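Have it open while you read.

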Amino acid sequence: MEAVTVRGIEVLDAGQPDSAPIAEIRDGQVGAQLRQVSIGDNPAILQRLGVGQGAVAFLCLAFDDKVAVPATLRHRVLLDKAVADGPVIGTHATPLLVLGRPLVGTNWTPGNNPSLHSHHRMGLWVVDGSAQISRRYAIDWKKFDAGRKPYSGDARDVRAYYAYGQKVLAVADGTVVSARDGFPDNIPKTEAGFETALPVTLDTIGGNQVIIDLGNGQFAAYCHLQPGSVGVKAGDRVRRGQLLARVGNSGDARWPHLHFLVTDKPDVMASEGLPQLFESYRAKSGDQAWETRTGEYPMGDVVLDFGPDT
């Protein structure tokens with residue numbers, strides 16, 4: 001068998017087989033959308049795939065609000081001397097939740113929000129034979145000082161980090177599906193290296209965590225919580241703004257932060273990530289003035305203020 005080159009990708013309306021592609025990327029554009037998924041890939045020439053090699057194309061389609069989104073899609077991959085048609089896949093519209101604040105106070109940064117440079121957006125996992133991206137819209141909430149430093153004092157002491165021990169709040173009314181505690185904090189990553197306190201598995205990756213059923217097939221998950229801080233249990237009804245736990249460094253966490261996401265199943269890995277909006281917060285970028293944002297999802301390199309602890 002010979003290596004093949006991916007020359008293009010077309011996105012088609014599967015319900016209109018004779019219509020023009022909804023979107024297409026060609027040649028040089030293709031390489032920018034691909035990420036390797038197999039050993040032996042050359043990141044410089046991902047479009048050229050040898051035997052046993054593979055890559056995933058990460059695409060994002062935006063439709064004008066007056067344009068109907070197709071009920072089904074099909075992807076067509078254009079190769080050197082062949083065309084490969086993918087299966088028909090369905091689309092669905094999920095009402096965006098407008099959530100309350102997950103944290104209190106200021107100087108929070110929405111780390112690893114969606115982009116082709118974010119390991120969350122690239123985090124394709126195969127669980128029970130199904131490939132999913134649960135972290136597609138996940139945020140790593142970290143806290144910095146004015147000098148963009150996350151701690152003061154000993155970098156190997158979790159308590160030196162500004163995020164550590166901060167209150168974690170319920171973003172909406174709901175029912176606790178699961179609540180886990182007892183995983184130890186990791187010693188934060190430094191130039192001396194990093195090793196988790198426990199081996200990372202699908203069972204331990206989220207560390208101490210709380211998952212809340214928000215209704216309508218949507219779940220809010222809070223991960224890497226402080227040992228001994230989880231104050232709810234499975235079956236509890238919680239109210240928006242209620243204290244759930246505190247920020248820690250358990251599971252697969254390098255420094256203290258809150259890993260927050262909304263998914264379509266009560267599993268932080270075996271699910272699809274869903275977008276969400278936050279009702280109100282203040283944001284600024286660099287030396288710019290604070291601006292109040294309502295009903296938005298924070299993107300880019302910004303600093304947020306969720307308001308005082310009341």
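1. Ground rules. This is a predicted model, where local features need pLDDT of at least 70 and side-chain atom pairs count only at pLDDT 80 or more, while totals for chains, interfaces and linings use all residues. Numbering runs from 1 along each chain as its sequence is written, and side-chain values use heavy atoms, with hydrogens and water left out.

2. The largest pocket. It holds about 1800 Å³ of space. (A pocket is an open set of points on a 1 Å grid over the protein atoms alone, where a 1.4 Å probe fits, with protein on both sides within 12 Å along at least five of seven lines; lining residues have an atom within 4 Å of a point. The volume is the space filled by probe spheres set on the points, which are joined across faces, edges and corners.) Of its 43 lining residues, Leu59, Cys60, Ile89, Arg121 and Arg136 lie nearest the centre. Strands S2 (8-13), S6, S7, S9 (89-90), S13 (130-132) and S22 (273-274) each give two or more residues to this lining. (Strands are DSSP runs of E, at least two residues, numbered from the N terminus.)

3. The lining of the largest pocket splits into 30 nonpolar, nine polar and four charged residues. (Ala, Val, Leu, Ile, Met, Phe, Trp, Tyr, Cys and Pro count as nonpolar, Asp, Glu, Lys and Arg as charged, the others, Gly among them, as polar.)

4. The second largest pocket. Its volume is about 360 Å³.

5. Isoleucine 25. This residue sits in strand S3 (residues 23-26). Ile25 counts as buried because its relative accessibility is 15% (buried means under 20% relative accessible area, exposed over 50%, with a 1.4 Å probe and protein chains only). Its C-alpha is 8.6 Å from that of arginine 7, 18 residues apart along the chain.

6. Two positive phi values. Aspartate 128, in the loop between S12 (125-127) and S13, has phi near 55 degrees. Asparagine 216, in the loop between S17 (208-215) and S18, also has phi near 55 degrees. Aspartate 128 is exposed at 80% relative accessible area, and asparagine 216 counts as exposed at 75%.

Definitions and conventions. Helices (H or I, at least four residues) and strands (E, at least two) are DSSP runs, numbered from the N terminus.
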